[in-house]
Amino acid sequence: MTAVTVGGSYGEAHPNQPSDMVVNGHPAPHVPAAAFLLVALSGLILAGRRRYPLTVLLVSTGAVTAYTLLGYENGAALLNPAIALFAVALAVSVRQALITAAVVLVVLMGSTAAANPFGPTQGGFFLLPAMITGAVLGGIAISNRRAYVASIQDRARDEARRRVDEERLRIARELHDVVAHTMSTINVQASAAALVLTEQPDIAAQALQAIRTASKNGLRELRAILDVLRQADEADPISPTPGLSQLDTLVAGAVQAGLPVTVTTSGEPAALPAAVDLSAYRIIQESLTNVIRHAGPAAATVSLTYAGSRLLIEVADTGRGPQAGAGQADLDRSPTGHGLIGMRERAAAIGGTLQASSRPEGGFRVCATLPFTAPDEPAALPLAPAGEGTRP
């Protein structure tokens with residue numbers, strides 16, 4: 001721009017056409033070489049327009065204004081303030097850009113009208129409004145476009161971060177369920193083995209075998225869950241996702257832990273969506289874990305009912321029920337853990353419901369209703385704070 005504007009200004013000061021040498025009776029003024037330094041300054045300063053846009057605009061406009069007030073033709077030199085104004089419009093708000101453009105326009109038009117060698121409205125006087133308007137509106141348009149693209153990129157990053165957080169919550173929930181069930185079983189069996197180790201070694205051996213089985217199954221499930229964190233070039237996990245197809249194994253583990261469990265199924269079994277299948281398994285797993293941990297000597301019954309497009313689950317036990325007068329809110333707020341809240345959130349995540357209450361005949365009951373058809377985009381399973389399985 002320095003070369004273009006200095007060359008243009010030199011051409012304006014040394015016209016070749018006779019008609020350009022005298023305009024409206026005013027001859028073209030002689031411009032000394034030193035005066036072109038002002039035009040060069042207005043162009044060279046543009047190199048810093050990105051870092052110091054307002055300063056560059058001030059210097060460039062000042063240099064061109066000084067060149068104009070000396071009485072020289074300023075047509076080509078006006079390009080440099082326009083480019084500096086464009087850079088300002090990219091960096092400031094729309095209101096500030098418009099105010100700045102108005103000030104620059106008044107200064108340049110005023111100086112041109114005051115010292116134009118060919119008359120107040122000759123030369124580039126009437127081009128100034130269009131030039132300044134184009135520069136400021138162009139800068140505003142590009143600034144808005146950049147802000148729009150940046151907002152899209154921010155939303156994309158937020159969406160990616162949200163998906164990562166949801167996946168972390170899902171993994172944390174799965175870890176909570178697996179660890180709570182496995183460790184509860186191991187704890188109960190270890191306590192039983194310690195009590196009968198010297199007097200009934202056969203029973204102690206059975207308890208140790210139950211611990212071995214529970215820990216093995218727990219490690220397998222943990223490995224399957226943590227495989228989602230593997231590197232892209234690692235092999236896919238071969239362990240199946242937990243579901244009702246593994247209910248027999250789950251019940252066998254509970255029986256080995258000392259909890260007699262009876263499973264009944266009614267209705268025509270149907271293929272379940274993966275989210276429903278997993279949720280059903282985890283609800284039963286958490287319920288049995290709570291019975292093992294909190295019910296005392298008890299037996300449990302797991303009932304599965306396929307009714308139309310719904311799966312009804314009931315896990316009932318004959319152990320100790322909640323304290324007298326405890327309401328649903330009290331059960332949810334039980335200080336011993338967040339198992340009930342977690343199960344309820346898991347059911348709600350796939351459009352189902354879950355209720356937990358005491359039984360009139362004694363014991364505790366968990367009832368869940370899970371729809372077969374999951375939402376179009378199932379929500380990630382919410383995280384229940386890490387803790388022990390809840391039971392009043």
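Does R161 count as buried, partly exposed or exposed, and at what relative accessibility? R161 counts as partly exposed, because its relative accessibility is 47%, and the cut-off for exposed is over 50%. The model is predicted.

**Overall make-up**

The protein has 12 helices and seven strands. Of its 392 residues, 40% count as buried. Its accessible surface comes to about 20,300 Å². Carbon and sulfur atoms account for 60% of that surface. Take the contacts between residues at least 6 apart in sequence: 75% of them join residues at least 24 apart.

The structure holds four salt bridges.

| Side chains | Distance, N to O |
|---|---|
| R157 and D154 | 2.2 Å |
| D158 and R161 | 2.8 Å |
| R162 and E159 | 2.4 Å |

Side chains of opposite charge can pair when their charged atoms come close. Spacing along the helix is part of the picture. R157 and D154 are three residues apart in helix α7 (residues 127-196), so about one helical turn separates them. D158 and R161 also lie three residues apart in α7, about one turn of the helix. R162 and E159 are three residues apart in α7 too, so they are separated by about one helical turn.

Now look at accessibility. D158 is partly exposed at 42%. R162 is partly exposed at 35%, and E159 is partly exposed at 29%.

Strand β3 (residues 261-266) runs parallel to β4, and six bridges join them. One of the bridge partners is A300 in β4, which pairs with V261. The chain crosses from β3 through α10 to β4, and this β-α-β crossover is left-handed.

β4 and β5 run antiparallel, with eight bridges between them. L304 has I313 in β5 as its bridge partner. The two strands form a hairpin with two residues between them. G308, in the turn, has a positive phi of about 65°.

**Nonpolar cores**

The largest nonpolar core has 37 residues. Within this core, I284, L288, L311 and I313 touch the most other members. Elements that give two or more residues include α9 (247-256), β4 (300-307) and β5 (310-317). Helix α10 gives the most, with eight residues.

L311 has contacts beyond its neighbours within four places in sequence, including L244, L272, A280, L304 and F372. A second, separate core has 30 residues, including V31, V56, V104 and M109.

Note on methods
Residues are numbered from 1 along each chain as its sequence is written. This is a predicted model: local features need pLDDT of at least 70, side-chain atom pairs count only at pLDDT 80 or more; totals for chains, interfaces and linings use all residues. Side-chain values use heavy atoms; hydrogens and water are left out. A nonpolar core is a set of buried Ala, Val, Leu, Ile, Met, Phe, Trp, Tyr and Cys residues joined through side-chain atoms within 4.5 Å. Buried means under 20% relative accessible area, exposed over 50%, partly exposed in between (1.4 Å probe, protein chains only). Helices (H or I, at least four residues) and strands (E, at least two) are DSSP runs, numbered from the N terminus. Contact means heavy atoms within 4.5 Å. Two strands pair if DSSP finds at least two bridges between them. A crossover is right-handed if, with the strands pointing away from the viewer, the path from the first strand over the helix to the second runs clockwise. Accessible areas come from the Shrake-Rupley method with a 1.4 Å probe; for residues, only the protein chains shown count as cover.
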